[in-house]
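Subject: Handover of a structure for your review

Dear colleague,

Please find below the structure that I am passing on to you. I would be grateful if you would read the notes after it alongside the sequence.

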Amino acid sequence: MVSFFKTNQQREALYGWLFALPAIIGLVVFDVGPMAASVLISFTEWNGVTPPQWVGLANYEEILFRDELFMLSMRITTIFAFVSIPLNLVTGFLLALLLNQKIRGQSLMRTLYYLPSIVPLVAVAALWRWIFLKRFGLLDIGLAMMGIQAPDWLGDPNWVLPAFIVMGLWGVGGGMLINLAGLQAIPTDLYDAASIDGANAFQRLLNVTIPMMTPLILFNLVMGIIGGLQVFVVAFVMTGGGPSNASLFYMLHLYRNAFEYFRLGYGSSLALVLFLYIIVLSALVFRSSTAWVYYEGNR
Amino acid sequence: MARTIPYAVKGPVASIWGVLSNPYRLKSLLGRVVLYLVLLAGAVLVTIPFIWLISSSLKPQAQLVAFPPIWIPNPILWENYPKALTALPFARFIANTLIIATGATLGTLVSSSMGAFAFARLRWRFRDVVFFALLLTIMLPGQITMIPRFVLFAKLGWVNTYLPLIVPAWFANPFFVFLMRQFFMGLPTELDDAARIDGASIFGIYWRIMLPLSKPVLATVALFSVQHHWNAFIGPLIYLHDLDKFTAAIGLRYFVTDTQVHYSLQMAASAAFSIPIIVLFFVGQRYFIQGIVFTGVKG
């Protein structure tokens, strides 16, 4: 075979670029390019139809000083994330511990707990809107049977966030599954060694299981932050941000500005602020992780 | 006190007595009882919403709000399903979803596996830099690129078409590239060398050696991709405006937020929308779980 290339290495390098080309184009056109563009767009006032107007930092000024809904949505999203993420993290971990025991019907139990997390979010939202329905919803009927006067979950500004948190807990099976896999990856000789040293079950949990699981917990925490600050579908379908903006999650505020009010510039600056917030929170978590995450490889 | 079994007691009574009279065995028995009780109670709690979903979907309207709640409808109204699914053109929505899911999944299988091959098997300059950049975009929250992408596709005249939902998939998904690269790295390089000696081209190694050996990871990626496009919400919401172009997810949202539609039909539509994805999960359970476990534990 006649070759254009002096060496096999050159051919291999060419093929390397060729095979990676779709990924590289995708990276530039759909990720890096849009990221850079969003910074530029955030300095404009733009409805997408007429040419964009350069407004400098005006959008950011509006976010910080004039947009009351920004502060509100930031607060709602933060409260939700700070309650919901740790709650799901701990519940998922405990559930995995329990389901890692030798019990009857183990795989049926695991499946039952996991199932809610594969139900599509729109269907989850529709179902829970019905369960949370005032007076006639299953939850209120159940509470009434126990003689408890139930709140109007989705209609009361004080109860709508707790309702979302409860609903989020229904999907804890996803976290459970990852934790289960993590538990099964812990070498059993660590437990044997601990037992020989006289550690009881609780001490083994504290000194073997938890340290070995910390890298996974860190991963789940970071992914939880990224996802938890971007809640959109359930709020959009269940409450549309109401009542009186009590469930106006940040992404809902962003979506409205960009795609309902057609303020692409303002929407972009909102997106960048959220991005910054995610980075700061993740960075804080990573910084703290040196104190609590145990990596077996490097000590 | 009396830790010995009374002389005359035998059989099951004896073993119960044996447990009760031994504090250590009693403690572990209690532990197991508590374990089962907690797990069962939790399993009931997570399963009730499912049962309520199905039960509500088969009820006549009058039984929806009965007190105490009716779990088994009488009569069972199977016709709620055809009624709900024809109230809006759901067959059309599902066909639309399948067109998008098929086009995008095909694209991501081809482009992501090509990228993975280039990163796992070929040596070329800047390979590791490009791969690292790709990994970073996995962490990139979707909201940051949403508006610029919309602007891009609007400029191309692709709004209200399926193209914005399909075309990006042909330019590789960073997470899938990562998943497949790790899989390719696990295949012995002796296979490539042997093929090379037999005169295989680089493309031949990719096509005839790597891909046939990678069916499990290809299945995982295909399942994740189909699931993603079945559930996808904000993308279709932004890009598809005509009712007859809707995907099932946004069609369902349109249906369940219509105050004229009673809850039986809402639940029937929600169940019908969820069941295919649950069936898909059970059919491909092995590949799903491998992928999730891989993401969590090795990611």
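Predicted model: local features only at pLDDT ≥ 70, side-chain atom pairs only at ≥ 80, totals over all residues.

I begin with the interface. Between the two chains, 68 residues of chain A are in contact with 72 residues of chain B. On the side of chain A that touches chain B, the most residues come from helix α1 (residues 8-41) of chain A, which gives 21.

Next, the domains. Chain A falls into domain 1 (8-54) and domain 2 (68-126 + 165-292). Taken over C-alpha atoms, the centres of these two domains of chain A are separated by 30 Å. Their contact involves 10 residues from domain 1 of chain A and seven residues from domain 2 of chain A. On the domain 1 side, α1 and β1 (44-45) of chain A are the elements that give two or more residues, and α1(A) gives the most, with three residues. The residues on this side of domain 1 divide into four nonpolar, five polar and one charged.

Lastly, the core. The largest nonpolar core has 144 residues, and A:V234, B:L252 and B:A269 have the most contacts inside it. Helix α4 (residues 90-121) of chain B gives the most to this core, with 11 residues. Leaving aside residues up to four places away in sequence, A:V234 touches A:L121, A:V124, A:A125, A:F164 and A:M167.

With kind regards

Conventions
Residues numbered from 1 in each chain as written. Chains lettered and ligands numbered in written order. Helix = DSSP H or I, 4+ residues; strand = E, 2+ residues; numbered from the N terminus. Domains from an automatic or database assignment. Nonpolar A, V, L, I, M, F, W, Y, C, P; charged D, E, K, R; others polar. Core = buried A, V, L, I, M, F, W, Y, C linked by C-beta atoms within 7 Å. Buried ≥ 20, exposed ≤ 12 C-beta atoms within 10 Å, placed from the backbone.
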